Amino acid sequence: THTGESFSGVYRVGDKYLPDAFERINYVLRDHRNDEIFPMDPRTIDLVKIVHDRTKSNEPLEVLSGYRSPKSNRMLRNTSTGVASNSLHMYGQAMDIRLPGYNTRRLRDVAKRLKGGGVGFYPKSDFVHVDTGDVRSW
């Protein structure tokens, strides 16, 4: 949402990830504060795709945050609440998402049912955090 950029396309065929697609994904999900690019964990992309598929929505997901550099993470920790000091965003293992026209509480529930990692719900900011860490929710 911060850059207006997007990715739409095939990123995986069977169990083979497509390097060119991931190059674009990593660019789109870079830290928009400093343009730092980091390789996203393919499991995170898979998890978010499954969440999206389960909503049965044709609308594209909006990503508020993909990769976050340690410097950006420190700045966010100092200026807001709910930012983990060792956030999985810094390892390409987390995304903050929303889906236009889809209730964010329902989006959270879809993600939680998958038990694919952590799910955080931020109703005031209207987004869901999804990561491939331990299964937990907040």
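**Pockets and a helix pair**

Tutor: In this predicted model, helix H2 gives the most to the lining of the largest pocket, with five residues.

Student: What else supplies at least two residues of that lining?

Tutor: Helix H1 (19–28) and strand E3 (62–65) each do, along with H2.

Student: How much space lies in the largest pocket?

Tutor: About 830 Å³. It has 31 lining residues, and the closest to its centre are Ser6, Phe7, Leu61, Val63 and Met95.

Student: And the lining by class?

Tutor: 13 nonpolar, eleven polar and seven charged residues.

Student: What about the second largest pocket, what volume?

Tutor: About 530 Å³. Its lining counts 25 residues, with Arg68, Gly82, Val83, Asp96 and Phe127 closest to the centre.

Student: Which element gives the most there?

Tutor: Strand E6 (127–131), with three residues. E3 also supplies at least two.

Student: How does that lining split by class?

Tutor: Nine nonpolar, ten polar and six charged.

Student: Back to H2. At what angle do the axes of H2 and H4 cross?

Tutor: Roughly 125°, and the axes come within 10 Å. H2 spans residues 42–55 and H4 spans 104–114. That angle makes H2 oblique to H4.

Student: Left-handed or right-handed?

Tutor: The crossing of H2 and H4 is right-handed.

Student: Which residues make the contact?

Tutor: From H2, Leu47, Ile50, Val51, Arg54 and Thr55. From H4, Leu107, Val110, Ala111 and Leu114.

Student: How do the residues of that contact divide?

Tutor: Seven are nonpolar, one is polar and one is charged.

How values were computed. Residues are numbered from 1 along each chain as its sequence is written. This is a predicted model: local features need pLDDT of at least 70, side-chain atom pairs count only at pLDDT 80 or more; totals for chains, interfaces and linings use all residues. Side-chain values use heavy atoms; hydrogens and water are left out. Axes are lines fitted to C-alpha atoms, for helices over the stretch in contact, and angles run from 0 to 180 degrees between N-to-C directions. Helices (H or I, at least four residues) and strands (E, at least two) are DSSP runs, numbered from the N terminus. Angles under 35 degrees count as roughly parallel, over 145 as roughly antiparallel, 65 to 115 as roughly perpendicular and the rest as oblique. A crossing is left-handed if the near helix is turned anticlockwise from the far one by less than a right angle, and right-handed if clockwise. Contact means heavy atoms within 4.5 Å. Ala, Val, Leu, Ile, Met, Phe, Trp, Tyr, Cys and Pro count as nonpolar, Asp, Glu, Lys and Arg as charged, and the others, Gly among them, as polar. On a 1 Å grid over the protein atoms alone, a cavity is a set of points where a 1.4 Å probe fits but cannot get out, and a pocket is an open set with protein on both sides within 12 Å along at least five of seven lines; lining residues have an atom within 4 Å of a point. Grid points are joined across faces, edges and corners, and a volume is the space filled by probe spheres set on the points.
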